[in-house]
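Welcome! Let's walk through this structure together, asking at each step what lies behind the words used to describe it.

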Amino acid sequence: MNSKTAVLAAIALSTVAFTAHSEKISLVGATVINPADGKVLPNATVVIDGDKIERVSMGKQDAATLGKQIGCAGKFISPGYIDTHIHFFQSADLFTRPDGADFNSVRPYKDEVAWVKSHVNDVLARYLRSGITSVVDVGGPFWNFEVRKTANATAKAPRVAVAGPLISSVSREKLDLGDPPIVKIDTPDQAREFVRKLAERKPDLVKIWYIVDKDHPVESFRPIVRATVEESHAHKIRVAVHATELETARAAVEEGADVLVHSVIDKPVDDSFVKLLKDRHVILCPTLVVFERYGRTFSHQLNLTPEEQKWGNPDVIASLDVTKIPQDKLPQRVKDALADPKAALDRIKKTYDVALPNLKKLEDAGITIAAGTDAGNIGTIHGPALFREFQLMKEEGLTPMQILQCATANAAKLFGGDTGAHIGQIAPGHFADLVILNSNPVDDIAHASDIDAVIKNGIVYPANSILD
Ligand SMILES: [Zn+2]
């Protein structure tokens, strides 16, 4: 190589390095909270080299090794939060689940889908504004794989893991506009074939929607669960299962499910179930917030938090006022809820009376709990819904550190893969995905939303600049 080409090569290299933002920065003097090991380090310095954490050190540092310094005295640094249960194909507005409440006469579902597809970047930014630097989409149309690609190519976005369409015991025709999020599977062979088709798209998880009712008993779908798990595991893909009854969840885990994506809500979990989850290293995501949001929206008693009101999409939030819909266009389910709002709250209470103690029992037993919201469902707001989830976890007595662990280190395990192994912790070699807080979340988990700045992939975003 002559000297001229060497210079050109050096320039080319430095350009590459710059676009890969290899700048070294240091967050100096904060209290660093690492829920993975429960350690809290006062007056610490986090050194970030490019997209990775280089080191975390205590006390005075040699300025020459720090690069650009950002003073963080009085601040608190947590790993970026991870919401392990969301759905990009749903906006959280009133029209997003016509199979549950049909508002096609107010807003055709195809218009809703078009809106969702044109607002992906908006949703991604709202996650980042909420300090959420990774999300797991646990089921949606094949279009989900494009969302993952978009997120990976977008700086102002969380990392995204996705499952494809849900393998289901029931069909949902109203959601099928050609790329359905839910696919009814009738035989084990169909299940295997569908998993092979999914595997071509390299899903992070395969999702089963194990819906049980009097026409679909637990045992009738069980061979399909078994075949789905076997085929997925043969492709080295984990299986996540929606199973909200104790016996359904037990069957799913016995058949090899790796993840349960909701709480058990019909009965208290028993010791043999707890042991089964522990022995099989199953991760459970409670999704407490979603259990109140359908009922509260339909009965006009929605309790959005200040975070949701500030950082949620305003069009989505405006749509959730059912009293704005003409009476003759209200689905019966909504009419009934409006006629008896107390019954709606009673049903929610009944669910929480089971789900919350179940969460505590599993947490106390050492089961890996990953925080998640089911955002995108009606009334469960993409991004800040996670802070309502934290409140509900706190109500049942989880400590702030336990809640942070669920939303970081544990959630990283659910995210999985090579990325999952490098998020959710403030440790050397991990991605520099961090939240800088003005007040201490270990004192009160409510402080988890007191966000000063968010760092994703080593890039610092002042919180107030993110939704501009
Ligand atoms: Zn879900």
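**A strand inside the sheet**

Both faces of strand β11 are covered: Leu-205, Lys-207 and Trp-209 on one side, and Val-206 and Ile-208 on the other, are all buried. Keep in mind that this is a predicted model.

Q: What makes β11 largely enclosed by the rest of the structure?
A: Buried means under 20% relative accessible area. Five of the five residues of β11 (residues 205–209) are buried, so the strand is largely enclosed.

Q: How do you know that β11 pairs with β9 and with β12?
A: Two strands pair if there are at least two bridges between them. Two bridges join β9 (residues 166–168) to β11, and five bridges join β11 to β12, so both meet the cut-off. The strands run parallel in the β9 pairing and also in the β12 pairing. Ser-168 stands opposite Trp-209 in β11, while Lys-207 stands opposite Ala-240 in β12.

Q: Why are β10 and β15 said to stand at the edges?
A: The seven strands form an open sheet in the order β10-β9-β11-β12-β13-β14-β15, with parallel pairing. β10 (182–184) and β15 each have a single partner strand, so one side of each is left without a neighbour in the sheet. For β15, the pairing with β14 (residues 283–284) is parallel and runs over two bridges; there, Leu-284 stands opposite Ile-369.

**A covered helix**

Q: What makes helix α7 mostly covered?
A: Seven of the nine residues of α7 (residues 246–254) are buried. They are Leu-246, Thr-248, Ala-249, Arg-250, Ala-251, Ala-252 and Val-253. What covers them includes α6 (218–234), β12 (238–242), β13 (259–260) and α8 (271–279). After the helix comes Gly-256, whose phi is positive, near 110°.

**Rings that meet**

Q: Why is the pair of Tyr-294 and Phe-298 called edge-to-face?
A: Rings pair if their centres lie within 6.5 Å, and planes over 60 degrees apart count as edge-to-face. The structure holds nine aromatic pairs. In this one the centres are 6.0 Å apart and the planes stand at 75°, so the pair is edge-to-face. Both residues lie in helix α9 (residues 290–298), four residues apart, about one turn of the helix.

Q: How do you know whether Tyr-294 and Phe-298 are buried or exposed?
A: The cut-off for buried is under 20% relative accessible area. Tyr-294 has 16%, so Tyr-294 is buried. Phe-298 has 2% and therefore counts as buried too.

Q: What makes Trp-311 and Phe-387 an edge-to-face pair?
A: Their rings are 6.1 Å apart, centre to centre, with 75° between the planes.

Q: What does Phe-390 touch?
A: Phe-390 touches Ala-371, Ile-403, Ala-407, Ile-445 and Ala-448, not counting residues up to four places away in sequence. Of the 118 residues in the largest nonpolar core, Leu-260 and Phe-390 touch the most other members.

**Charges over a ring**

Q: How do you know that the charged end of Lys-52 sits over the ring of Phe-431?
A: One part of the test is a distance within 6 Å of the ring centre, and the charged end of Lys-52 is 5.0 Å from that centre. Arg-159 also lies over the face of Phe-431, at 3.7 Å from the ring centre.

**The zinc site**

Q: Why do His-85, His-87 and Asp-374 count as donors to the zinc ion?
A: Donor atoms lie within 2.8 Å of the metal. His-85 (NE2), His-87 (NE2) and Asp-374 (OD) coordinate the zinc ion at 2.0 to 2.2 Å, so they meet that cut-off. In sequence, the donor residues are spaced H-x1-H-x286-D. His-87, in the loop between β6 (81–86) and α2 (109–118), and Asp-374, in the loop between β15 (368–369) and α14, are 287 residues apart. Both His-87 and Asp-374 are buried.

Note on methods:
Residues numbered from 1 in each chain as written. Predicted model: local features only at pLDDT ≥ 70, side-chain atom pairs only at ≥ 80, totals over all residues. Heavy atoms only, no water. Phe/Tyr/Trp six-rings, centres within 6.5 Å; stacked < 30°, edge-to-face > 60°. Buried < 20%, exposed > 50% of the residue type's maximum accessible area, 1.4 Å probe, protein only. Lys NZ or Arg CZ within 6 Å of the ring centre and 35° of its normal. Donors = N, O, S within 2.8 Å, 3.2 Å for Na, K, Ca; no water. Core = buried A, V, L, I, M, F, W, Y, C linked by side-chain atoms within 4.5 Å. Contact = heavy atoms within 4.5 Å.
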